[in-house]
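This report goes through one protein chain, from its overall fold down to single side chains. Please keep the sequence and the structure in view while reading.

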Amino acid sequence: MLYLDIDAHHGDGVQYAFEEDPDVMTISFHESGRFLFPGTGFTEDAGRGSGRGYSVNLPLAPGSSDDIYLEAFDALVPPLARAFRPGIILTQDGCDAHWSDPLSHLALTLAGYRRLFQRQHDLAHELTGGRWLALGGGGYQAYTVVPRAWTILLGVMAERQLDERLPESWRQLAAKYESGPLPDFLSREEVPAAAPGAYAQARAAAREGIAAIKGSVFKLTGA
Ligand SMILES: [Zn+2]
């Protein structure tokens, strides 16, 4: 089984349950433990015993945005998955890496999530005959982000083109619980500009992590 976790937090529980098991590869992309709970999941944390090389951790810097995630995904996940040859892909698609999430400091957009979900879908068709189990996870904008992100996920899974305009019935229901403004669209959103220098720093940190993983885990697993 390949377990891929894009929740903002390190997938520590699942990794530590399977870190000695070479039949389960865990890959976690998360905000670096230097900035976010639980403070673990650095690139050196790569599994133990016969499971060494089968725990993969990419810590990301605050401000990591769509193209940083997509570059990291493309550099790491397909080559590791192709070498590992999983029977099933399990994903933890927590949406707390969204730019507006109150707990994390990452910068994924809903459009970025859609592209990450599509890559998961493509990989499942390439490697596991479509066997893909997707789970929710974190996400602390319960009305403005979570239902949109996971509706996009379900749309990608079901290969359905969904309307961009959110149904009025949903907006009325959500308005009972959310006092702030509600979105009009499924994925269209106004994204604040990144602070100057933050993007370049986040990209450099991600590339450093990618290089570290290529220099260690790739060798251990034959990727
Ligand atoms: Zn989380």
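## Fold and dimensions

The model is predicted. Its protein chain contains seven helices and five strands. Read from the N terminus, the order of these elements is β-α-β-β-α-β-α-β-α-α-α-α. The radius of gyration is 17 Å, close to the 17 Å that the globule rule gives for 223 residues, so the chain is as compact as a globular protein of that length.

The C-alpha trace spans about 55 × 40 × 25 Å along its principal axes. When contacts between residues at least 6 apart in sequence are taken, 74% of them join residues at least 24 apart.

## Surface and charges

Of the 223 residues in the protein chain, 48% are buried. The chain exposes about 10500 Å², and carbon and sulfur atoms supply 53% of that area.

The protein chain carries 19 positive and 28 negative charges.

Glutamate 71 has a relative accessible area of 32% and is partly exposed. Arginine 207, at 40% relative accessibility, also counts as partly exposed.

Another salt bridge is formed by arginine 82 and glutamate 126, whose closest N and O atoms are 2.7 Å apart. Arginine 82 lies in helix H2 and glutamate 126 in helix H3 (residues 110-127), so this pair ties together parts that are 44 residues apart in sequence. Both partners are partly exposed: the relative accessible area is 44% for arginine 82 and 45% for glutamate 126.

Glutamate 168 counts as partly exposed, at 48% relative accessibility. The cut-off for exposed is over 50%, so a value of 48% still falls in the partly exposed class.

Salt bridges can also share partners, and in this way Glu19, Glu20 and Arg48 are joined into one network.

## Serine 55

Is serine 55 buried or exposed? At 1% relative accessibility, serine 55 counts as buried, since the cut-off for buried is under 20%. Serine 55 is found in strand E3, which covers residues 55-60.

Which residues does serine 55 touch, leaving out those up to four places away in sequence? They are Gln15, Glu19, Thr26, Asp45, Ala46, Gly47 and Val217. Glu19, one of these contacts, is also part of the salt-bridge network with Glu20 and Arg48.

Key
Residues are numbered from 1 along each chain as its sequence is written. This is a predicted model: local features need pLDDT of at least 70, side-chain atom pairs count only at pLDDT 80 or more; totals for chains, interfaces and linings use all residues. Side-chain values use heavy atoms; hydrogens and water are left out. Helices (H or I, at least four residues) and strands (E, at least two) are DSSP runs, numbered from the N terminus. The radius of gyration is taken over C-alpha atoms; the globule rule is 2.2 Å times the number of residues to the power 0.38. Buried means under 20% relative accessible area, exposed over 50%, partly exposed in between (1.4 Å probe, protein chains only). Contact means heavy atoms within 4.5 Å. Accessible areas come from the Shrake-Rupley method with a 1.4 Å probe; for residues, only the protein chains shown count as cover. Lys and Arg count as positive and Asp and Glu as negative; His and the chain ends are not counted. The place of a charge is taken as NZ of Lys, CZ of Arg, CG of Asp or CD of Glu. A salt bridge is a side-chain nitrogen of Lys or Arg within 4 Å of a carboxyl oxygen of Asp or Glu.
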